[in-house]
Amino acid sequence: MTKPSAVGRVFLFPGQGRLHGAHLREAIQRPEDRAAAREVFEVVDGFARPFGMSTNDWWDRSGTADPEDAQPLGTPQLVMFAASIALSRTLMSQHAPPDALMGCSFGEIAAFVVAGAWTLADGVRAVCELESVLDKVRGSGGMLLLHENPDTVQGVIDTLRLPRVVISCRTGPYQTVISGPFEDLDMTASAARDLDIPTTRLPMVRCLSHHPEAAESADRYRARLTTIARAPFRIPVYSPCAGRWYTADDDLRLRLADNLRLPLDITSALHALARQGAGCFVECGYGGGLAQAAADTVQSTCVHNPLRPARHDRK
């Protein structure tokens, strides 16, 4: 299955934004669902151990611990991945499976697993290999969210004459993410403040991402995934990077690596899904950015984020 005959409910899987919102075990109420979710974290840790990474016992410490705070390499990313898998499984145990999935960058790893194309072990390996590759370029740059439309943001970049700063992700009418060296992002943030444009740092990203200068990292990442095979999709997956449904002919390893060097257009992807009948978007993970993007972009739909219900739930 590569393209659904009808799109109603879509699960959204976030990228590496920020681990904030309600803790997963607080959002999952039924004891049997909590037990299943905890098992996901335990299995993820088992698969990650050979890479020297883990969720660092996050499930048991989630009432007090911040996975972003001085954690070992890979911990925040494994927490985000495990949370997406656990939450999607919980939702599917309570309701029918979604009609489609869409992952944002890093979130495509979870989407491939939930869709049945990759095993959970494959997904954990993809997370760990990604962090190993990016660790080599850690500190080369970052990402900054500007709460403004892309045209205005591009105008700021052009005025400042910052050729290494690029628009890396269009996430809504007034959400534009840029990528570039830290000093250039600081200059952009300062100019944005002068124009009364709010900005938000993405602390989990400390390298150039969705950036043409990340092409070498993308090649190294794909090379590390060469032995991962794929199965047919049980649930169709839409790509905001390719701007289309994935097909049986797609090399998912190459498509995943493309996220390091190519921009994302989540706004267009949400519109495309809405045109095909999507009436409900559910964000499976932390951050809340995708739920907010869906609420702002496709205003006639139901939007739900179990980990940030107060702000994002809307019918």
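Helices in this briefing are DSSP runs of H or I with at least four residues, numbered from the N terminus. The model described here is predicted.

- Asp258 and Arg255 form a salt bridge in which the closest N and O atoms are 2.8 Å apart.
- Both residues belong to helix α10 (residues 252-261); because they are 3 residues apart there, about one helical turn separates Asp258 and Arg255.
- Asp258 and Arg255 are each buried.
- Through salt bridges with shared partners, Arg244, Asp250, Arg255, Asp258 and Arg261 are joined into one network.

- A salt bridge connects the side chains of Arg224 and Glu129, at 3.1 Å from N to O.
- This pair links distant parts of the chain, with Arg224 in helix α9 (residues 215-224) and Glu129 in helix α6 (residues 120-135), 95 residues apart.
- Arg224 has a relative accessibility of 32% and therefore counts as partly exposed.
- Glu129, by contrast, counts as buried because its relative accessibility is 11%, where buried means under 20% relative accessible area.

**A partly exposed pair**
- The side chains of Arg30 and Glu32 meet in a salt bridge of 3.5 Å, taken from N to O.
- Glu32 is partly exposed, its relative accessible area being 47%.
- Arg30 is likewise partly exposed, with a relative accessible area of 34%.

Notes:
Residues are numbered from 1 along each chain as its sequence is written. This is a predicted model: local features need pLDDT of at least 70, side-chain atom pairs count only at pLDDT 80 or more; totals for chains, interfaces and linings use all residues. Side-chain values use heavy atoms; hydrogens and water are left out. A salt bridge is a side-chain nitrogen of Lys or Arg within 4 Å of a carboxyl oxygen of Asp or Glu. Buried means under 20% relative accessible area, exposed over 50%, partly exposed in between (1.4 Å probe, protein chains only). Helices (H or I, at least four residues) and strands (E, at least two) are DSSP runs, numbered from the N terminus.
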